[in-house]
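Work through the following exercises with the sequence and the three-dimensional structure in view. Try each task before reading its solution.

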There are 2 protein chains.
Amino acid sequence: MSNKTEIKKEIVLKVAQDIFAKYGLSKTTIEDIAKAAGVGKSSIYYYFKNKDDIFRAVIEAQVKYVQEKIRNAINEAQTPQEKLKKFVVTRMRCFREVAHIFEHVFKNEYLQHYAYVQKIRKDYDQQEVDIINSILKEGIEQGIFKIQDPNLASFVIMLGIKGLEYEWATAEDSQKLEQDTDKLFEILFYGIVK
Amino acid sequence: MSNKTEIKKEIVLKVAQDIFAKYGLSKTTIEDIAKAAGVGKSSIYYYFKNKDDIFRAVIEAQVKYVQEKIRNAINEAQTPQEKLKKFVVTRMRCFREVAHIFEHVFKNEYLQHYAYVQKIRKDYDQQEVDIINSILKEGIEQGIFKIQDPNLASFVIMLGIKGLEYEWATAEDSQKLEQDTDKLFEILFYGIVK
DNA sequence: TAAAATGTCGAATGAAGTGGTCGAAAATTT
DNA sequence: AAATTTTCGACCACTTCATTCGACATTTTA
């Protein structure tokens, strides 16, 4: 695939992102995407194997984008506490940014039968646990946290985040989001900080 | 149709509003509406003649809502100048509120062939001209405006509003909207106020 | 520059989805 | 309990959709 074609594929991916975000998987037609991308319907099949393949590519791009953002945010923070906070806040911000597509992957039940969606979800969750895990370990090494089982703690934190997900997804201002996060971690830290 | 059934019809209308707003006419299926309203697909046809009939009912409800709001706003204003301003600002606010459906009626070309959409549009435009007309006449009677041909003036104002419609529709804050309106009328008033 | 490789799309097709009908069952009223 | 209103499953004709195929266009290679 030449450079020029690669770019066209990128365009298709980009418009597919927007259209999937707006209409979801089932209501988006290949022709919708082709029209918006300014290519023939059949040409789509030169770039992608099929409709699901486009959707998968879109999701993967979004996941990558979010994880990139999270990684950067964590790196900027100094203390493990800060890192944890940054992680949560950035995660929620990004989720809201790309919410419409993620909704389809993380919420819509009728998509559950798609194996690859489950896989993406599982992988993604695992990576989040890993991130939390590493932050906790760092905190322990620095003598800031005292935790018997970091893996368990990570899992609990993940649960907490997931529990608050809906509330955060619908919160109007991001100030509320940060307040909530502060509250959550205030409680958490008082339990685990030495 | 009993009272109870009437209420159910209202529910169907309400969810249809939301779904049409989200997906537009063609991407919304009767089953989408039925599912969301919690009734069988066939039952929809007990309440409404067909799909277009639901859409028409939704649009009419929206139009009614907007005009009600505008009427109230105008009544609250004292001077003709104030009334004109109120008219425009309220109109734009409401349009944004119900924007997603109105888009389909006022912008989407592929709907143009629907005679009833054209009719609604025409009626609506005429009613707006009538409102402006009556405000102008009031202003003339009170010796505030000096206009040779109020009908023509109404038409010109309508054109101005329509011209700015897109800009207003996409404006982020409603403050901008009011500033724009003020500017528009400042120019207009200096031309017609005695 | 001719042949090979890469890229593009119109037309066709079968499968799935959709608007709408009908009649029978369920619920409600009389 | 008969009459009426309301609900909906099953069905059909038609449309839409994802995907394929082959032919044409464009670019690369030799």
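Helices (H or I, at least four residues) and strands (E, at least two) are DSSP runs, numbered from the N terminus. This is a predicted model, in which local features need pLDDT of at least 70 and side-chain atom pairs count only at pLDDT 80 or more, while totals for chains, interfaces and linings use all residues. Residues are numbered from 1 along each chain as its sequence is written, and chains are lettered from A and ligands numbered from 1 in the order in which they are written.

**Exercise 1.** Find which elements supply at least two residues each of the surface near DNA strand D.

Solution. A residue is near a strand if its C-beta atom, placed from the backbone, lies within 6 Å of it. Of the 18 residues around DNA strand D, those that come nearest are A:T29, A:N50, A:K51, B:G40 and B:S42. The elements are α2 (30-37) of chain A, together with α1 (3-27) and α3 (41-47) of chain B, and α3(B) gives the most, with 3 residues.

**Exercise 2.** Describe how α1(A) and α2(A) pack.

Solution. With axes as lines fitted to C-alpha atoms, for helices over the stretch in contact, and angles running from 0 to 180 degrees between N-to-C directions, the two helices pack at about 125°, their axes 9 Å apart. Therefore α1(A) is oblique to α2(A), since angles under 35 degrees count as roughly parallel, over 145 as roughly antiparallel, 65 to 115 as roughly perpendicular and the rest as oblique.
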